[in-house]
Amino acid sequence: MTTRTVGEGVQRREDPRLLTGHGRYLDDLGRGALQAAFVRSPHAHARITDIDIGDAWELDGVEAVYTWEDLPGRVAEPLPVLIPHPALTHARTGYCLAKDEVNHVGEAVVMVVARDRYVAEDACGRITVRYETLPAVVGLDLARRGERLVHDDVPGNVAANLRQEVGDVDAAMAAAPNTLTLDLAIERSASMPLEGKGVHARWDTDDGSLRLYSSTQTSTGLRAAVAAKLDLPLAKVEVVTPDVGGGFGVKIVHPWPEEVLVPWAARMLGRDVKWVEDRREHFVSSAHERGQLQEVTVGFDDDGRLLALDVRFWHDNGAYTPYGIIVPIITATQLLGPYKPGAYRVEFWSVYTNTVLVTPYRGAGRPQGCFAMERTMDAVAAHLGLDRTEVRRRNFIQPDEMPYDQGLMFQDGRPLRYDSGDFPSSLQKLVDLVGWDDFAEYRAAASTEGRTVGLGIGCYVEGTGVGPYEGGHVQVETSGRVNVATGLTTQGQGHETVLAQVVADELGVPFEDVHVTTGDTRRMPYAVGTFASRGAVMSGNAVALAARGVRAKALRIAADALEVSPDDLDIEGGVISVRGAPGTSIDLRTVAVLSNPLRYAFDVSAQAATQFAGTFDPDRPPVADDDEPGLEGQDFYSPTQATFANGMHAAIVETDPVTAEIRILRYCVVHDCGVMVNPMIVEGQVHGGVAQGVGGALYERMVYDESGQLLNASFMDFLMPYASEVPHVETDHLETPSPLNPLGLKGAGEAGCIPVSAVIASAIEDAEGFPVRSMPISPAELWELRRQHASRTDPAQEGAS
């Protein structure tokens, strides 16, 4: 009998290969390829007045040196705006190589191709670029004043302004018995995957075809973008994504300049060309996220129920907007979390700065929105003297109100309509898990020891599994091996395991027989990509649908062979048997043989499919008009809208009374991602997300000076949490299946990081007794908040050290 694996914590089948050094990453490829390197701008804002490349050619091994003037046709045009939007009235993107002006430190100006990276870098060092520096716009305060401009033709530095409103906010706010206004801030950070970007191009001169290897999060999107830029037929371009050492959103952008220039150079030179990003390059020329200033006004009654919510925020999109305004749209809509806000108005301005461009980073606007909402809920509770959990309970959407339409447009252009969830039950699980009701006793005991502790909470809803579609292809070989292909790419999420579990159960075969390929356009040319917690929801359902089609075909062929009805058959362990008569059976691999009528027998099993085997009806064509050879099938899953996961986190922190060091003592998570295909992998996703969330709450930030220089562009200066700083994560799960897809799945990839800054701020505020309105927070900043609080409560403390 086949044991069902969906719902079981099956060990990840990728791990033995990856953990024993047998992974195959981008830099493992192209050993004999030419190597590229780039001259990048040292200035945040400047005009290029001259480029002298003469000395670079004196180095032995230099094959090519390119500036913008060398680029032809569409390669010389600006990079695309991937997601246009009517509100994005002043979209601007950069060039593959800077044309006349640079707009952030790290922008590529010159490309060098040489026999190896050492020669290429040395040649870059010999190139002289002369600049006329311009005033830099750094930080949201300066950007929104509009006194200096990043792009001369963008008034006030505003790329986009978007407003959504549900209900009459002004009237509801005016009638509210209580109102509060909060000024909040989230600083800029970045994802920092272990492996940076990279691309290896192989040009076949004989047939004019290109194979591109890239550490991308969207192989099909990159294929289309490169084909368009290089004016190649799509059929002549293949993109293969090897093992990828982390993505977290930064690799969903496509094409990066290097992903156009490297294949273009390979075609020009008729040689393989490769480029692998170094860490400094990743800091100054990839993408950042998170930076926002927020202003929240809330109206509520004396029981803490929200009557009106009015939010304005300013989003730093960096120097360019290739990914549109997806991040602030997500902030504006996902800010509402599990609550009914009463009347709601949100307006944002996405503004340019002379800094690295901003694109989604794990969470993608949700951490900022969650911070705004959860700080607001805590402020309401504090104002009324109510328990923070009680205020949340009173504002929750109830299970019997699902599906619940918030009346807004989500990032996929479709309604923000929650499909399922039981928020009160999730909160009760969290209260029990962290021991919320017993915390006062714990705090009192800690106080007797001279320790200061606090308890924080944060709730969120996450739109996952956004469309438009993903596909799956399932093929049963005559050996019994099952091949599965899907177009999304993998960066460590466990897709090989999860998708194999789904197909094994749907098809009735052993898990060990299923083999999964992702991110290879030769196997699946139509796909969207890996982002927005969509892998299991989209490709999981796609391969399930494909497997169901293959199963139906297998039962039909087996029924003919066994002379029974397909309705009387089951598949277990790769064997099709007659229900109630297990001795009457046929192996699935034999059915695979029969599915493909043959003229030539290549082995003993194939003889059963040849013309003299006597297994076919001579009055029917070997392949029916409505059929095709082989036991395989392809299907696509395309949802009407996103599915919405949710969760709630709580943390206990301790703040040192002298050093202001912040230590997380406990961290608890309750998560609802619908049906869990593999609970162990879900746990891993939650734990990893919490680790990144802790980094964003306490350590990680991008520090620019006023001239636009990134001051901490190395791992010596950019703080990330070690294992010693990441707390043990205690988890519990609630499964409310989504009604929107066949498997009942919701996404889980980003959940762990979304509320962490809000939770830690809540806990510190609870410990210290004064508001925390900006994150991340360092010991020095907490010390300063203490000083300011002391000066307000005791003016005699002003200036004391």
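Modeller: Domain bounds, on which the discussion below rests, come from an automatic or database domain assignment. Please note that the model is predicted.

Colleague: Which residues belong to domain 3 in the domain assignment of the chain?

Modeller: The assignment gives domain 1 as 32-134 + 191-285 and domain 2 as 292-466 + 640-792. Domain 3 is given as 467-637.

Colleague: What distance separates the centres of domain 2 and domain 3?

Modeller: The centres are taken over C-alpha atoms. On that basis, the centres of domain 2 and domain 3 are separated by 43 Å.

Colleague: How many residues does domain 2 bring to the contact with domain 3?

Modeller: Contact here means heavy atoms within 4.5 Å. Domain 3 contributes 22 residues. From domain 2, the contact takes 22 residues.

Colleague: What area is buried between domain 2 and domain 3?

Modeller: The size of an interface is often given as the accessible area lost when the parts come together. Carbon and sulfur atoms give 59% of this area between domain 2 and domain 3. The buried total is about 1500 Å².

Colleague: Which residues in domain 2 lose the most area to domain 3?

Modeller: Three residues together account for 34% of what the domain 2 side buries. They are Val466, Val677 and Leu743.

Terms used:
Residues are numbered from 1 along each chain as its sequence is written. This is a predicted model: local features need pLDDT of at least 70, side-chain atom pairs count only at pLDDT 80 or more; totals for chains, interfaces and linings use all residues. Side-chain values use heavy atoms; hydrogens and water are left out. Buried area is the accessible area (1.4 Å probe) that two parts lose on being put together, summed over both.
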